[in-house]
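Dear colleague,

Please find below the structure that I am handing over to you.

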Amino acid sequence: MPVESVYPALEPLLPRVRKPVQYVGGEVGSVTKDWDSADVRWALCYPDAYEVGLPNQGIQILYEVLNERDGVLAERTYAVWPDLEALMRDHGVPQFTVDAHRPVGAFDVLGVSFATEMAYTNLLTVLDLAGIPLFSSERTLAHPLVIAGGHAAFNPEPIADFLDAVVLGDGEQAVLAITDVIRAWKQAGQPDGRDGLLLGLANLAYVPRFYDFSYHPDGRISNVSPNRQDIPPTVSKHTVMDLDAWPYPRAPIVPVAETVHERYSVEIFRGCTRGCRFCQAGMITRPVRERSITTIGSMVAAGVAASGFDEVGLLSLSSADHSEINEIAVDLADCYEGSNVGLSLPSTRVDAFNVTLANELSRNGRRSGLTFAPEGGSERMRKVINKMVTEEDLIRTVSTSYASGWRQVKLYFMCGLPTETDEDVLAIAALARRVIAVGREASGRRDIRCTVSIGAFVPKPHTPFQWAAQCPPEVVDARLRALGGALRADRAYAKAIGYRYHDGQPGVIEGLLSRGDRRVGRVILAAWLDGGRFDGWSEYFSFERWVRCAESALANEPVDLAWYTTRERDYSEVLPWDHLDAGLDRDWLWQDWQDSIAPEGAAEVEDCRWTPCYECGVCSAMGTEIQVGPTGERLDGRRLLPVVSRR
Amino acid sequence: MARPDLKTAQLPAVQHLVVRYAKRGKMRFASHRDVARVFERGVRRAGLPIAYSAGFTPHPRISYAGGAPTGVASEAEYLTLALTSRLAGPQVRERLNAALPDGIDVIDVTDAASGAHAASGDNTASRWRVVLPGVEPAAAQRAVAGFLALGEAPVERLTDKGVRRLDARSAVITLDVLDPADPEGGQRAAVTGVQDCAILRMVVLHTAPAVRPDDVLTALRERHGLVPSSPPITTRLAQGSLALLAGTSAL
């Protein structure tokens, strides 16, 4: 039976909210399928505002992968801002998809992608507005299956009670496998109800309700084990092994509303083995799998033609590390010469950036900001985190950038890293002054700028720092203030250096949600009931609320906010995500953690793309391998050119 | 190495086309900046030889005449495209309509040099249609009569820059209620999708600061108690000279 659109009920509310266009859909590239043409229907949710969620690659890829299949339908839904949420509650309008404005509660699956833990309260808003019971245990056959994915889902325990299943890793093949299980279960007449379906998914996805946690009297986890037969003791991540076979998004969704990224993005490789110890993304997405230069070329040609974007983003965790990045940049710049289409490399390591890239990225006259992330201010600090970038690398790179016409370079750092001292943070000021001095010399101008951007480090699951004590917010804030003073101290440079920082408090809550266990779900529920929404946005985030809710929700437990955040864990402690397998060998992670804090100085880990395998465990556990070029192929500019007509 | 100050050479514009387009359905919620984004991408998707401004961040040369506010639909929005090679209007219309999202619909494309479009030269006023859900036509008649009898109708509007005071009366040239017996009234449901409503028609001068139909509705609400059951749906039907608007009475 067709499902009615909620748009007639929504439309009268839209003149009363900010930026109503974000709720109307109708974007170029969006797809609306006949409800009855599909037997498995997905609502894909990015639990943040449309302006952040629309450009999300994960959602766009899965949307296309699912909609390409006959009998499958996928629509998108985003978190609504509190102004619309209040009106929807007043007028009984449920959570809707932006494609056909169908009620989310009518779909078979609600798939939620978590790039950040700070979106957990928004999950509860989405569920509640959709009329889906918050707790998995209270749902019936009348409700969609609620499945989480994305990087934050690698420790889903804090939201485990609200989820039916969790997919770890790459989603392209996983969503199709899940679709098949759901279809078979529906066609068989839904045998054994919801549990029957979840049992069928238990080898593809983590089903939290099939696992029990027990605790020591002091609050540590004593055991995590399956509570029924045929449930695997650990659940592994999914890995797509041929990115050329999955060239998505082909036809990106082009928003009418303003969004945070206004470009056609193509992932040039997935995974990173640089081994930065703080970086969860680099640990959980191994191994490196490159997309070939020819696939990248044809994706860019088709994507730009289909979207009309004037910027192409070459995405990855460290884009300059692609084995043929220079060829890609030169050939794409050749193809788009004179067409006003620009290239950008959102993540670039300073030691991989070079003159060729600098020139190609600025070929069409565009010099969109250059951003580098040394992360640590001192050489010692960078050794601890295994971000092996020397000061000379950095100086050479910024010098090249300023000489090539960029006036502004942004540098990202973290504060509160393990073993960090005040001196490590103050070293950032000296570095920034040297950058300006070198920049003035290289460019011959006084008006060049450097912006220092710094935020608090939050230890993440599945990284060597998963055992580390998070730095208390008072210490972070004191160091940030001291750095601000140091940056302003020298009048010859003060005006050329910009300073942006995020204070320490939100990081504490992110830390709680990142390394929390199932007991933290109570804190999230309490914060949401108290009005918590959009916690990733400073104008909505309330530290006071979270502290209060943590105190009350954990009052009868031997654990508290500090226990989850500023406490160092030891080797023997069962971590809440130990049963979720990203492939990393636990002993390797522990040794890497020990190597980083060794009193005689941190030991360096090389990149396994260029040195022998150091057995992090991923490839052997997952049956995967590194896939890198070079392929030796080049892009044919004349073939790509009709993309932008110059008649 | 690239020379830092080398600006990208851009081809000169050889033709200016005036595009009349509509903002319909869900797209009425697009702001003027949203519409600009849509057209910048639309001309590239359509492969039109659009001219670009010079400088470090070249922009496609599209100039927009004062657009209808966010939430207001329109059948008569105008913009001008600068092209680097000549194209026929109907061809541009077709290519743009294939490239633009539904609801941003190109109605007509004419050469600016021909002066054959409504918004050229004397563009002094707009004709608007306002659907007031849940309002009896007779009640609307009484409120309109009261409003027209006023010498002035000061209203306040909340803008980004604070509260702005305007006289809603002086900019209104004509204002009437569509007669339910009018043959046009029969089209009401088809046109508006709303069964139980009153429909206002008005011609309002383009003044500075601009008086919008919304300001007239504020006066009708505050002074004459005319309150729709849900937000009004406003559509710009035409813009141009008063003489031209007098000749367009179409719903």
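**The sheet of chain A**

In chain A, five strands form an open sheet in the order β2-β1-β3-β4-β5, with parallel pairing. Strands here are DSSP E runs of at least two residues, helices are H or I runs of at least four, and both are numbered from the N terminus; two strands pair if DSSP finds at least two bridges between them. The model is predicted: local features need pLDDT of at least 70 and side-chain atom pairs count only at pLDDT 80 or more, while totals for chains, interfaces and linings use all residues. Residues are numbered from 1 along each chain as its sequence is written, and chains are lettered from A and ligands numbered from 1 in the order in which they are written.

The edge strands are β2 (72-78) and β5 (165-166) of chain A, each pairing on one side only.

Strand β1(A) runs parallel to β2(A), joined to it by seven bridges; Val40(A) has Val72(A) as its bridge partner in β2(A). With β3 (residues 109-113) of chain A, strand β1 (residues 40-46) of chain A pairs in the parallel sense over four bridges. The partner of Leu44(A) in β3(A) is Gly111(A).

Seven of the seven residues of β1(A) are buried, that is, 20 or more other C-beta atoms, placed from the backbone, lie within 10 Å of their own. Val40(A), Trp42(A), Leu44(A) and Tyr46(A) point one way from the strand, and Arg41(A), Ala43(A) and Cys45(A) the other way.

Key:
Buried ≥ 20, exposed ≤ 12 C-beta atoms within 10 Å, placed from the backbone.
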